[in-house]
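Trainee: I am new to this structure and would like a close look at a single part of the picture: how side chains and strands pair up with one another. Could you walk me through that slowly?

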Amino acid sequence: MVAKSPYEAIQLLERGRGIIAASLNELRADVLDLQQKHPQLTRDYISLRDQLDAPTAMTRRSDKLDLPAEVTRRVDQRHNTGQKLEQMIGDIRRLPGFERFLLGPTENELKAAAVSGPVVVINVSDYRCDALIIEKHGLKTLRLPGLDSKDIRARAATLESPELQLMEWLWDTIGKPVLDALEPIQAPSGSWPRIWWIPTGPLTKFPLHAAGYHSHGSCNTVLDRVISSYSSSIQALIQSQQRRSRVKVAQEVSKAVLVGMEWTPDQNHLRYVPEEIAKLSRLCQSMQLDVITPQARQNDVLSALGDCRIFHFAGHGLTHLSDPSKSSLILSDGLLTVANIFELNLHNRTPLLAYLSACGTGEIKHDELIDEALHLISACQLAGFRHVIGTLWKVNDQSCVDAATMTYEWMKRGNMSDDSVAEGLHHASRHLRNQWDLESEARTSKRMAAVRAEGPAAMEQPRSSQATTRKPRTGDLYEDPPLYWVPYVHFGI
């Protein structure tokens with residue numbers, strides 16, 4: 001990519017990443033403009049598209065095994081349908097005004113995607129690492145000499161128990177160089193500037209939004225300079241923006257679906273889930289939303305999601321080690337997997353928010369599929385949710401209540417606008433970080449007092465004792481890492 005222009009480099013990256021999700025996104029592309037000018041062609045296109053978008057035999061539940069002849073017939077039928085659809089897409093591109101139907105964004109479309117804030121793609125390779133920066137007035141590349149792919153992979157092994165040094169390293173190698181390369185960004189006194197991060201390769205596991213030196217009063221942090229959001233790809237961000245522009249408030253439904261799993265078979269008890277659901281229920285009702293709490297069964301939950309505005313899940317998340325499409329939210333009758341959610345198509349309604357208050361909902365453990373972005377967050381985005389809030393790894397049961405409550409309170413203050421979602425999580429994260437900072441200072445004072453009273457041996461206690469012990473939203477109990485405010489992330493517009 002060294003000899004390529006920024007636009008060409010971005011095009012190459014987009015083509016090589018998220019291929020499965022991109023294919024599904026293409027099947028669900030918005031055809032409103034085509035429908036207005038060529039209604040019959042649109043109906044034919046939708047018919048073929050829906051045949052390909054229908055659940056396959058592998059994902060449908062069946063009471064009996066399909067015979068080999070039937071499987072072959074279905075495969076042949078699907079292949080023929082795909083060929084017809086490809087031919088029809090070619091016919092559509094020959095129509096005036098539709099020359100770029102389902103093609104990647106132009107350079108001007110990329111710049112338009114950054115009108116609300118810069119989009120920063122971090123390309124990681126064994127040769128060098130660069131930031132590809134998209135701003136509303138242009139595209140540019142920024143070499144990141146301090147970032148090394150081997151170092152990234154080594155540090156990825158420590159992410160479930162992150163330390164301050166990791167956040168400082170992220171600031172030195174990515175956060176500070178990128179923010180310095182953008183238009184002047186100061187610690188905000190009024191409205192906060194936005195930034196969208198698109199990390200690649202093993203860097204997708206890292207909390208770029210939390211990069212910085214988080215000592216008391218420091219502004220050398222991403223969190224104290226900008227509101228961070230993420231996207232799995234530029235195309236996914238552009239499509240979300242396009243859907244938002246066509247959503248009218250009057251058309252939005254007013255249903256909030258809240259699912260809480262305090263008790264889950266073979267998992268630890270989440271004692272704070274009832275408190276979380278109760279607080280959010282009151283907040284949603286105060287926002288004039290009809291609160292629905294379906295049984296935590298797969299069919300009931302999927303049925304409720306068909307016409308919701310907000311979906312909130314509080315419970316256990318499961319990250320599949322070898323097949324990310326099987327990562328799931330654990331329900332009372334089994335698993336709600338990435339594959340199940342992929343099959344939802346809510347694009348005609350474009351609900352506001354899916355909030356996944358569970359462990360590792362943005363996590364992929366299969367390194368060879370890391371760039372496919374096959375996790376629960378991206379599945380909800382692909383299904384049609386404009387915003388998804390999730391987590392990068394294990395999270396605390398009690399901290400989940402605090403993060404969710406503060407986010408929804410900010411959304412209420414912002415009349416559930418699109419901006420209020422990212423803003424809400426941002427301010428919740430800063431509040432939790434500031435709270436952690438005060439607790440850390442208090443513990444430091446106690447340790448210093450212990451040193452004066454007992455001598456240097458009192459300083460030999462482990463770092464993890466900096467945080468109070470809370471129950472994680474995963475199967476194994478573990479002592480809470482100190483940075484419990486870090487894992488929460490926002491994907492969307």
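Mentor: Happy to; we will go through the charged pairs, then a sheet, then the aromatic rings. Please keep in mind that this is a predicted model.

Let us begin with charge. Side chains of opposite charge can pair when their charged atoms come close. In this model the count comes to 13 salt bridges. One of them joins Asp91 and Arg94, with 2.4 Å from N to O. How exposed are these two partners, Asp91 and Arg94? Asp91 has a relative accessibility of 33%, so Asp91 counts as partly exposed. Arg94 has a relative accessible area of 62%, and that makes Arg94 exposed, because the word is used for values over 50%.

Another salt bridge pairs Lys279 with Glu275, and here the closest N and O atoms are 3.0 Å apart. Both residues belong to helix H10, which covers residues 273-286. Lys279 and Glu275 are 4 residues apart, about one turn of that helix. Lys279 is partly exposed at 28% relative accessible area, and Glu275 is partly exposed too, at 33%.

A further salt bridge links the side chains of Arg297 and Asp300, at 2.9 Å from N to O. Arg297 is partly exposed, its relative accessible area being 38%. For Asp300 the value is 28%, and Asp300 is also partly exposed. Salt bridges can share partners as well: Asp224, Arg430 and Arg433 are joined in this way into one network.

Now for the strands. Strands of a sheet pair through backbone hydrogen bonds, either parallel or antiparallel. Look for an open sheet of 3 strands in the order E9-E10-E11, where the pairing is antiparallel. Which strands stand at the edges? They are E9 (317-318) and E11 (334-337). Each has a single partner strand, so one side of each has no neighbour in the sheet. Strand E10, residues 328-331, is joined to E9 by 2 bridges, and the two run antiparallel. To find your place there, look for Leu318, which stands opposite Ser328 in E10. A helix belongs in this view too: H11, residues 298-305, lies across E10 and E11 and runs at about 30° to E11.

Last come the rings. A pair of aromatic rings is described by the distance of the centres and the angle of the planes. There are 5 aromatic pairs in the count. One of these is formed by Trp169 and Phe206, a tilted pair with 6.0 Å centre to centre and 55° between the planes. This pair links distant parts of the chain, 37 residues apart. Trp169 lies in helix H8 (residues 164-181), while Phe206 is in the loop between strand E4 (194-199) and strand E5 (227-230).

Tyr355 and Tyr408 make another tilted pair, at 5.8 Å centre to centre with 35° between the planes.

Conventions: Residues numbered from 1 in each chain as written. Predicted model: local features only at pLDDT ≥ 70, side-chain atom pairs only at ≥ 80, totals over all residues. Heavy atoms only, no water. Salt bridge = Lys/Arg side-chain N within 4 Å of Asp/Glu carboxyl O. Buried < 20%, exposed > 50% of the residue type's maximum accessible area, 1.4 Å probe, protein only. Pairing = 2+ DSSP bridges. Contact = heavy atoms within 4.5 Å. Axes fitted to C-alpha atoms, helices over the stretch in contact; angles between N-to-C directions. Phe/Tyr/Trp six-rings, centres within 6.5 Å; stacked < 30°, edge-to-face > 60°.
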